[in-house]
Amino acid sequence: MSEVEQRAQPQGAEGEATKGETVEGYHYALTHQEAYELRLWWRRLVMDDKELKRYSKQRPYPRGVRATLRRCATIESVMLTEAFRHLWQALESKAWQEAPPRTSRDQRIETWAVIAAVACELRGETFDAPLGKRLGEKRPNTGDTPRMSDLRFQQLLDCHSGDELIRRFRRALKLADNAGVSVVRLADMVALWHREQRGQYRAEATQRFAFVMSDAYFKARALKSAAGD
């Protein structure tokens, strides 16, 4: 179904992670190790000390680290934040140490700055749950209304810049109550979009950004409609 870029199960530094090390088994644009480091970073960013202890012996980042990142509306501003530096350092020192990506450093910085800007808006995740599915689900306390309308969803698919993607993905997460989505799946879609902006399309049309997002969205819409029949 999709590209599998798995490596051996990653091992955190001694004392770093205790459990919850599982990463989704397949990704369209991220490597397995990138997904692993992303989830560790995200947990330290959004969880309090009590919740984080379920997964890691590390401490959460100070609350202001996430708040500063959330105030950033552009890629350039994200690059200057402490939160992004933590993520970048983890990727460079762990995820890319043995097998550096083929993309240039500038391209990687831009991609991961957008990922950081979007991921920081997610407060609680559901393992392996794609954003498209969440947006196609029925909005609570409504008759037959999805969380995101078809028009807004099409606009989400039609982003032309990284800054626009930050804005539209953040809006989408707000409609999703900033929860119920996998942070790895979320980042994977951002990375896939960036890859396609560079003209690096996957050969299979069913594994491209617009199709993957739409497939999850309309399947959720169909389930909702069927349930209401």
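**Chat about a predicted helical model**

Colleague: Is Glu 164 buried or exposed?
Modeller: Glu 164 is buried, with a relative accessible area of 13%. Buried means under 20% relative accessible area, exposed over 50%, and partly exposed in between, with a 1.4 Å probe and protein chains only.

Colleague: Where is the place of Glu 164, and what does Glu 164 touch?
Modeller: Glu 164 belongs to helix H9, residues 162-175. Not counting residues up to four places away in sequence, Glu 164 touches Asp 158 and Cys 159. Contact here means heavy atoms within 4.5 Å.

Colleague: What should I know about the model itself?
Modeller: The model is predicted, so local features need pLDDT of at least 70 and side-chain atom pairs count only at pLDDT 80 or more, while totals for chains, interfaces and linings use all residues. Residues are numbered from 1 along each chain as its sequence is written, and side-chain values use heavy atoms, with hydrogens and water left out.

Colleague: How many helices and strands does the protein have?
Modeller: There are eleven helices and zero strands. Helices (H or I, at least four residues) and strands (E, at least two) are DSSP runs, numbered from the N terminus.

Colleague: Of the 229 residues, what share counts as buried?
Modeller: The share is 50% of the 229 residues.

Colleague: How many residues does the largest nonpolar core have?
Modeller: The largest nonpolar core has 66 residues, and Trp 41, Leu 131 and Phe 169 are among those with the most contacts inside it. Such a core is a set of buried Ala, Val, Leu, Ile, Met, Phe, Trp, Tyr and Cys residues joined through side-chain atoms within 4.5 Å.

Colleague: What is Trp 41 in contact with?
Modeller: Leaving aside neighbours within four places in sequence, the contacts of Trp 41 include Tyr 61, Leu 69, His 86 and Ala 119.

Colleague: Which residues of H1 and H3 meet?
Modeller: Trp 41, Leu 45 and Val 46 in H1 meet Val 65, Arg 66 and Leu 69 in H3. By class, five of these residues are nonpolar, none is polar and one is charged. Ala, Val, Leu, Ile, Met, Phe, Trp, Tyr, Cys and Pro count as nonpolar, Asp, Glu, Lys and Arg as charged, and the others, Gly among them, as polar.

Colleague: At what angle do H1 and H3 cross?
Modeller: The axes of H1 (residues 32-46) and H3 (residues 63-70) cross at roughly 105° and come within 8 Å. H1 is therefore roughly perpendicular to H3. Angles under 35 degrees count as roughly parallel, over 145 as roughly antiparallel, 65 to 115 as roughly perpendicular and the rest as oblique. Axes are lines fitted to C-alpha atoms, for helices over the stretch in contact, with angles from 0 to 180 degrees between N-to-C directions.

Colleague: Let us turn to Met 189. Where does Met 189 lie, and is Met 189 buried or exposed?
Modeller: Met 189 lies in helix H10 and is buried, with a relative accessible area of 7%. Leaving aside neighbours within four places in sequence, Met 189 is in contact with Tyr 28, Phe 209, Val 212 and Met 213. His 27 is 162 residues from Met 189 in sequence, yet their C-alpha atoms are 9.0 Å apart.

Colleague: And Leu 80, buried or exposed?
Modeller: Leu 80 is exposed, with a relative accessible area of 69%. Leu 80 sits in the loop between helix H4 (75-79) and helix H5 (82-95).
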